[in-house]
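Subject: Structure handover and notes

Hello,

Please read them alongside the coordinates.

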Amino acid sequence: MEVTANLKVGPYASCSNVASVGKGVTVFLHCWADNIYGNEWWYVRVSGTSTYGWMSSDNLIMGFLDDNGDGVQVREMCGA
């Protein structure tokens, strides 16, 4: 996390909060979506927890890992 920010139930700043995630905490990216305002949001899981929710990409330091060693890093769109 780039900053401390609220994890949301949907991909909008106006959505209810799930939890606050602190600066420097690792979140695992599952998929992304652009909301109707054109803002990119990621559905994430907070490391070491079973807490899931939506986080604006503006709050994230993006780093992609090759999780299965096949040399491919995938950015998957939610619902695609």
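To begin with one side chain: is Y37 buried or exposed? The model is a predicted one, and in it Y37 has a relative accessible area of 62%. That is over the 50% cut-off, so Y37 counts as exposed.

Aromatic pairs

There are three aromatic pairs in the structure. One of them is formed by Y12 and Y37, in an edge-to-face arrangement with 6.0 Å between the centres and 85° between the planes. This pair joins distant parts of the chain, as its two members are 25 residues apart. Y12 sits in the loop between β1 (5-8) and β2 (17-21), and Y37 in the loop between β3 and β4. Y12 is partly exposed, at 22% relative accessible area, whereas Y37 is exposed. Elsewhere, Y43, Y52 and W54 are linked into a cluster by ring pairs.

N35 belongs to the loop between β3 (27-34) and β4 (40-46). Its relative accessible area is 8%, which is under the 20% limit, so N35 is classed as buried. A polar atom of the N35 side chain lies 2.9 Å from the backbone oxygen of P11. Setting aside residues up to four places away in sequence, N35 touches P11, Y12 and W41.

Nonpolar core

Which residues make up the largest nonpolar core? The core has 11 of them: M1, A5, L7, V21, V27, W32, W42, V44, V46, M55 and L60. At least two residues come from each of β1, β3 and β4, and β4 gives the largest share, with three. In soluble globular proteins, nonpolar side chains tend to be buried together.

V27 is one of the core residues. Apart from neighbours within four places in sequence, V27 is in contact with M1, V21, V44, R45, V46, S47 and L60.

G63 is exposed, with a relative accessible area of 52%. Its C-alpha atom is separated by 9.4 Å from that of L29, a residue 34 places away along the chain.

Regards

Conventions:
Residues are numbered from 1 along each chain as its sequence is written. This is a predicted model: local features need pLDDT of at least 70, side-chain atom pairs count only at pLDDT 80 or more; totals for chains, interfaces and linings use all residues. Side-chain values use heavy atoms; hydrogens and water are left out. Helices (H or I, at least four residues) and strands (E, at least two) are DSSP runs, numbered from the N terminus. Buried means under 20% relative accessible area, exposed over 50%, partly exposed in between (1.4 Å probe, protein chains only). A polar contact is a pair of N or O atoms within 3.5 Å; within protein, one must be able to donate a hydrogen and the other to accept it, and residues adjacent in sequence count only if both atoms are side-chain atoms. Contact means heavy atoms within 4.5 Å. Rings of Phe, Tyr and Trp (its six-membered ring) pair if their centres lie within 6.5 Å; planes under 30 degrees apart count as stacked, over 60 as edge-to-face and the rest as tilted. A nonpolar core is a set of buried Ala, Val, Leu, Ile, Met, Phe, Trp, Tyr and Cys residues joined through side-chain atoms within 4.5 Å.
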